[in-house]
Amino acid sequence: METSKHAMTSGYSARVEAFRDEEYPMLKGSVYLDHAGTTPYPKSLMDSFVRDMTSNLYGNPHSGSSSSQLSTSRIEDIRLRVLQFFKADPADFDVVFVANATAGIRLVVETLRAAPDGFDYAYHQASHTSLVGVREEARNSLCLDDRQAEEWAAGHCPFETHADERPILFAYPAQSNMDGNRFPLGWSETIRRNTASGGNRTYTLLDAAAYVCSSPLDLSCAETAPDFTVLSFYKIFGFPDLGALIVRRQAEEVFNTTKYFGGGTVDMVVCLKEQWHAPKSQFLHERLEHGTLPIHNIIALDAAMDAHKRLFGSMMDVSNHTFFLHKRLDRGLRSLRHRNGKTVCTIYSPQSGLQDKHPAGGPVVAFNIRNSQHAWVSLAEFEKLATLKNFHIRTGGVCNPGGIASALGLQPWEMRQNFSSGFRCGTENDILAGKPTGVIRASLGAMSTISDVDTFVAFVAEFYQDLSLPPAVPLHTAQPSTRSDLRVHSMSIYPIKSCGHFQVPPGVDWEVRPEGLAWDREWCLVHQGTGQALSQKRYPKMALIRPTLDFGRGELRVMYAGEISPHLSQEISIPLSKNPSLFRLSTTLGSRSSRVCGEEILAQTYISTEINEFFSGKSMRHSKAHLQKHQLPLSAPMVTTSKLPGSFPGDRPPSPPDSDTERSSQQRRILLSNESPILAITLPSLDALNAEIRRSGNHKRVISPDVFRANIVIAPLSQATKTAIEPYVEDTWSSLQIGDNRHNFEMLGSCRRCHMVCINQETAEKSEEPFVTLSKTRRFDGKVFFGVHMCYSETGGDVMTAVTRKGRFPTLRVGDVVVPS
Ligand SMILES: *Cc1c(COP(=O)(O)O)cnc(C)c1O
């Protein structure tokens, strides 16, 4: 039995392998492991939908024209087909088309809220956020764990019976979207039955959105079926964006309290002197589908179901296949151990294959990774590497607050504390107080193959399994010397955040301020819609925007080094003077708040169409970019232009403050460089990294220092002394003195890296190095580091303080002596 099923499913895998490249050209070279998010859509589905759309005209239903009639009859057929897909008899069930599962839930809530005494609500703790939110509309609500739900199913209703008619709604997922855990379909009936006798009518809502992606759902028995079943079709078929609310007809009367009516839901409406309307009465869906149906989406569903059947067979086939793959993934991840015997993956999903026939969970493995010292690996870090290695996989809280809390053992107070210490979905601080705040979720589907699973397990092993006894790279402990052969090898500034660099020419004295090198990150490009500063991380082509500072002409010249359409100009000049007529005037002195890395900043937006068209025209095809002159990265908005830290003429720096507190706040003031005023790297470290890359056989991937976007590159004076300076010694520096005047710089710690270092700054092309090698050799506490942050410290030498007191900032130049301490 087991072997024949195995043979069958590996046959399925081979079949999918054979059509994968053709059906999913957009996935070439990558591994898709986010079926719980959505499934990819096959090419043949899109082709047949386009054929249908281009050979037939579909009009708005409810009129006599042939195009309208065609829509009506196709939609009727598809509605029936949906019921048949779930073995639901149209005599017992009706399908209401909705935008997605969430919209289906809201339809039910809307009507229950309108009941004379409202409703009481209980939901299982594994519920998706969309089910949790229903509680805000209920009179009383309860979150139940497995045991409490079982007790209810056995006859103990958790609510007290009311004298009034207030109905109860119980909702739960057939399968958790967080860890794939499945819950008894039988609850739909037992819980409904067990409270009906108590007086208050209980309705059951089954969230089948995750379950139906990989399993057949059988509603053939109307007595035991849930009253309401919600799901999203895009999760099963990849397309169209459409969902369904399937209503058991015996529960239809609950919708009698619905008050609102929209176009298409009424037989007659009287306005003006009388207010009267007659709702459509034959089918429930006629009353609940307000306005014009998503005609083309519904019609696409037909093609989607055809393609799915053609490619994958029945949902039972999909279920067997994903069950088999799930077992392989589960075993693969569970078996990974560090050299010291500790497990690599902590898995939250129910173990697959314990009960051989009925999986306890769907094809989802939710887990976290620990290093050999048992410390958690940061999710953000994992995601960076997985993305670079072309895995599509979800990490984080995955919209399942109760499931996450119980899997990770987070108490409500801890979640609140995490929230108040700045944690939000999608932020980088994902290990708080030693506990992870989310999970890695690998989910499989109909188009997954054995090789997807094996590639992923091999990836986790390659990067996270520690087979060496001592740590791969011990932290440096070399004793720094006082005499130094180190020099400033080169200096760069990045006038426009996330764009190309401008190299400080040799022999030029460049001003250093507490917030960084002069003219560094004075401008940024912002998305016109969101006000967010754009970054190379998302728009690699920004590397091709090359600024030059021309003090002779008082201009910032910006050249675009990529390909552009012939009618656009390749270069633009922006005056360095702060000409007010160039900026947008608004109530806040021409400023508008923008966001850089989540921090609110104040920025002035250029109003010149020439300037703005230059930036929106070429580099960013998907977003309108705006050039802004940036002011202060302060969370409290500052509107006084006199305090600008920039180098614009007239913006004389404020005289150095006297009090210590003011001084330290000055030091922390930074421009748009995200983390620190100045970023430095050393060439010996770069050489070590390149040697490592070469060792792994990637000769062609040797990288240039540019990718680290440093302000100061430090190198030994001559090749001869090079060997005397150890790589990564900069990690141990606590301060630097640079130049003849020995300007003092305070080291602020190592620089954490993301996959932006993989963008070649010459070509804007992405590769996997150096991040992959850094992840193997420079990972500490689950984070990857290269280079050091530093800032100019006014408390340095006496000479220097005297200089700044005169209102001038110190300067650096290429070739200056660097003395670490
Ligand atoms: C995806 C999902 C939802 C939400 O679906 P939408 O399409 O976003 O409305 C709800 N519940 C579960 C279990 C899901 O997996």
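Helices here are DSSP runs of H or I with at least four residues, and strands are DSSP runs of E with at least two, numbered from the N terminus.

**Figure 1. The whole chain in a predicted model.** The model shown is predicted. The protein chain has 21 helices and 36 strands. It comprises 821 residues, and 53% of them count as buried. Among contacts with a separation of 6 or more, 71% link residues 24 or more positions apart. The accessible surface of the protein chain is about 36300 Å². Carbon and sulfur atoms account for 52% of that surface.

**Figure 2. The shell of residues around the ligand.**

Figure 3. Lys 235 places a side-chain N or O atom 2.7 Å from an oxygen atom of the ligand. For Ala 101, a polar backbone atom is 3.3 Å from a ligand oxygen. Asn 100 has a polar side-chain atom 3.5 Å from an oxygen atom of the ligand. The ligand taken alone exposes 380 Å², and the protein buries 90% of that area.

Figure 4. The unreviewed UniProt entry annotates Cys 399 as "active site". Cys 399 sits in the loop between β14 (394-396) and α13 (401-408). Leaving aside residues up to four places away in sequence, Cys 399 touches His 128, Thr 129, Asn 177 and Arg 394.

Figure 5. Ile 712 belongs to strand β30 (residues 712-716). Why does Ile 712 count as buried? Its relative accessible area is 0%, and buried means under 20%, so Ile 712 falls in that class. Beyond residues up to four places away in sequence, Ile 712 touches Val 488, Ser 490, Met 491, Ile 678, Leu 679, Ala 680, Ile 681, Met 790 and Leu 812. Val 814 is 102 residues from Ile 712 in sequence. In space, the C-alpha atoms of Ile 712 and Val 814 are 9.1 Å apart.

How values were computed: Residues numbered from 1 in each chain as written. Predicted model: local features only at pLDDT ≥ 70, side-chain atom pairs only at ≥ 80, totals over all residues. Heavy atoms only, no water. Polar contact = N/O pair within 3.5 Å; in protein donor to acceptor, adjacent residues only side chain to side chain. Areas by Shrake-Rupley, 256 points an atom, 1.4 Å probe, with all protein chains shown as cover. Buried < 20%, exposed > 50% of the residue type's maximum accessible area, 1.4 Å probe, protein only. Contact = heavy atoms within 4.5 Å. UniProt positions renumbered as here; feature names shortened; annotations may be inferred.
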